[in-house]
Amino acid sequence: MLTENATLAWLLGFSALYALAGVVYARRQRDNLEDFIVARNSQGSFATILTLMASSLGAWILFSPPQAATWGGLAAVIGYALGSMSPRLIMIPLGQRMRELSPRGHTLTEFLIMRYGRPMYVLTLLIMLFYMFISLTAEITAIAKLVTLLAPIPLWVTAAIVMGFTLLYTAYGGLRASIFTDKVQIVIIVPLLLVMLWLGWKATGGISATAEILRQQAPQLLDLTNATGLKAGVTFFVAILLTGIFHQGNWQRVYSAKDIPSMRRGFLLGGVLVVPFIFVMGLFGLAFVAYHPQGDSSIALFTIIMPDVPLWFAIALIPLGLALVMSSADTVISAVSSIIAVDVKRLAPNTSTTTLLRLARWLIMLLAIPVMIVSAQGYSVLYLFLLADLLCAAAAFPVFYGLYSRRHDGRTATLGTLAGLAAGLTYFPSPSGNMNTLLESFLLAALVPVAVVWLLQFVLPKRQEFKLEDLHLAVQRLDQD
């Protein structure tokens with residue numbers, strides 16, 4: 001559709017523009033470690049809504065919801081859309097509780113080490129890092145595959161360009177630069193997504209025509225009571241709900257909100273407003289089954305729109321894809337940087353602010369290397385995503401129960417998480433197997449820890465209750481040398 005040189009030029013140009021916006025904004029800010037990793041109390045409701053929408057609408061929405069619809073139908077699309085909203089809603093009470101107990105906090109890992117001790121901290125840290133690695137890899141893989149649909153650009157070239165420019169402004173400006181570019185990128189994302197929806201449904205002849213074909217060829221996909229679809233929808237909902245609460249990018253935005261009311265409104269509307277986009281994107285999977293049932297379902301959306309898309313919109317797909325990817329990727333990069341800075345400060349309290357900033361920037365660049373290598377292979381990361389979701393599901397109750405219970409401790413939290421992992425992994429499908437037991441594995445991973453934690457509280461000898469009101473005493477500003 002485009003020549004290789006033209007596509008490469010557009011890719012470099014738009015990537016550079018996004019990065020330039022972040023760098024120029026960051027140059028106006030103080031080189032302050034607190035601002036770099038948490039931007040505390042700096043964002044109003046509207047800014048919080050925009051940054052959460054931008055970081056939620058990653059390039060995965062162009063691939064995953066349509067593909068899910070091809071086998072799970074309308075019920076799977078609804079589950080996917082509601083699941084994408086659910087972490088934002090549950091973060092409202094969790095975020096408010098965290099701000100009340102630890103108003104000067106920075107990261108979820110900081111809470112873990114103070115509340116539970118080293119074993120649970122290490123276990124949950126590994127789960128969080130694995131999830132964020134997979135999330136970042138999926139985003140970079142998605143944009144690389146999108147570019148190949150326009151021109152034969154090698155996957156590694158796109159991965160290197162996008163990752164390099166995203167690192168440039170995020171490593172330089174931290175969370176403030178990430179939030180600022182989110183605001184810029186959401187202004188690009190929403191109009192272009194609306195144009196894409198219009199072009200796509202124009203290509204299909206409309207919803208009525210598509211539904212009529214489906215009623216004849218695959219009526220089960222339109223049936224909300226279909227067992228396969230219902231099971232898929234519930235699986236997506238549970239998986240996304242329990243994974244999103246472990247994303248450090250969400251916790252950064254809990255603290256970056258100006259106050260608790262701003263945080264509550266931001267997370268509420270930031271969650272609700274993504275639902276229609278994901279739902280409508282999923283409907284393209286149904287159109288794909290109607291018109292191209294033998295095609296590659298992983299690119300269902302583009303199979304529908306590409307034959308009739310005008311040249312100007314083919315070019316516009318590049319800034320759209322970049323905005324979707326960079327808004328999500330910079331959130332992950334900033335999140336990992338904050339974990340590095342906070343944990344290094346805890347392990348080496350005499351480390352200067354300048355050294356912490358330098359370490360956070362250079363270590364995230366080193367960690368980006370395996371992301372680019374894996375992304376350049378073009379692998380499907382769906383299975384790894386599901387595995388990361390399962391790990392988060394097992395840790396969810398043991399981690400967040402400690403925000404409310406004084407009796408809960410690191411020993412029961414660790415044992416509960418391990419029990420959930422064992423139960424969930426027992427039923428988790430193999431890479432080459434079918435997904436019939438996927439919902440069972442998620443439910444076991446999420447519910448077994450609840451039973452184990454409550455049982456251990458009665459069986460094990462009682463320990464001194466944890467003083468939740470003392471959590472704030474262990475937190476210090478990171479830029480106090």
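1. The structure holds one cavity of 30 Å³ or more. A cavity here is a set of points, on a 1 Å grid over the protein atoms alone, where a 1.4 Å probe fits but cannot get out. This is a predicted model: local features need pLDDT of at least 70, side-chain atom pairs count only at pLDDT 80 or more, and totals for chains, interfaces and linings use all residues. Residues are numbered from 1 along each chain as its sequence is written, and side-chain values use heavy atoms, with hydrogens and water left out.

2. The lining consists of Met98, Ser102, Gly105, His106, Thr107, Glu110, Phe111, Met114 and Tyr255. Lining residues have an atom within 4 Å of a point. Helix α5 (residues 108-116) gives the most, with three residues. By class, the lining has four nonpolar residues, four polar and one charged. Ala, Val, Leu, Ile, Met, Phe, Trp, Tyr, Cys and Pro count as nonpolar, Asp, Glu, Lys and Arg as charged, and the others, Gly among them, as polar.

3. The protein chain has 18 helices and zero strands. Both are DSSP runs numbered from the N terminus: helices are H or I with at least four residues, strands E with at least two.

4. For 481 residues, a compact globule would have a radius of gyration near 23 Å; the protein chain has 22 Å, which agrees. The radius is taken over C-alpha atoms, and the globule rule is 2.2 Å times the number of residues to the power 0.38. Along the principal axes, the C-alpha atoms fill a box of roughly 65 × 50 × 40 Å.

5. Of the 481 residues, 59% count as buried (under 20% relative accessible area; exposed is over 50%, partly exposed in between; 1.4 Å probe, protein chains only). Among contacts with a separation of 6 or more, 88% join residues 24 or more positions apart. Contact means heavy atoms within 4.5 Å.

6. Two residues in the loop between α2 and α3 deserve a look. Ala39 has a positive phi of about 45° although it is not a glycine. Asn41 also has a positive phi, of about 55°, and is not a glycine either. Most residues other than glycine have a negative phi. Ala39 counts as buried because its relative accessibility is 0%. Asn41, at 38%, counts as partly exposed.

7. Asp470 lies in the segment after α18 (438-459). Its C-alpha atom is separated by 31 Å from that of Ala445, 25 residues apart along the chain. At 32% relative accessibility, Asp470 counts as partly exposed.

Terms used. 1 Å grid on protein atoms, 1.4 Å probe; cavity = no way out; pocket = protein on both sides within 12 Å on 5 of 7 lines; lining within 4 Å. Points joined across faces, edges and corners; volume = space filled by probe spheres on them.
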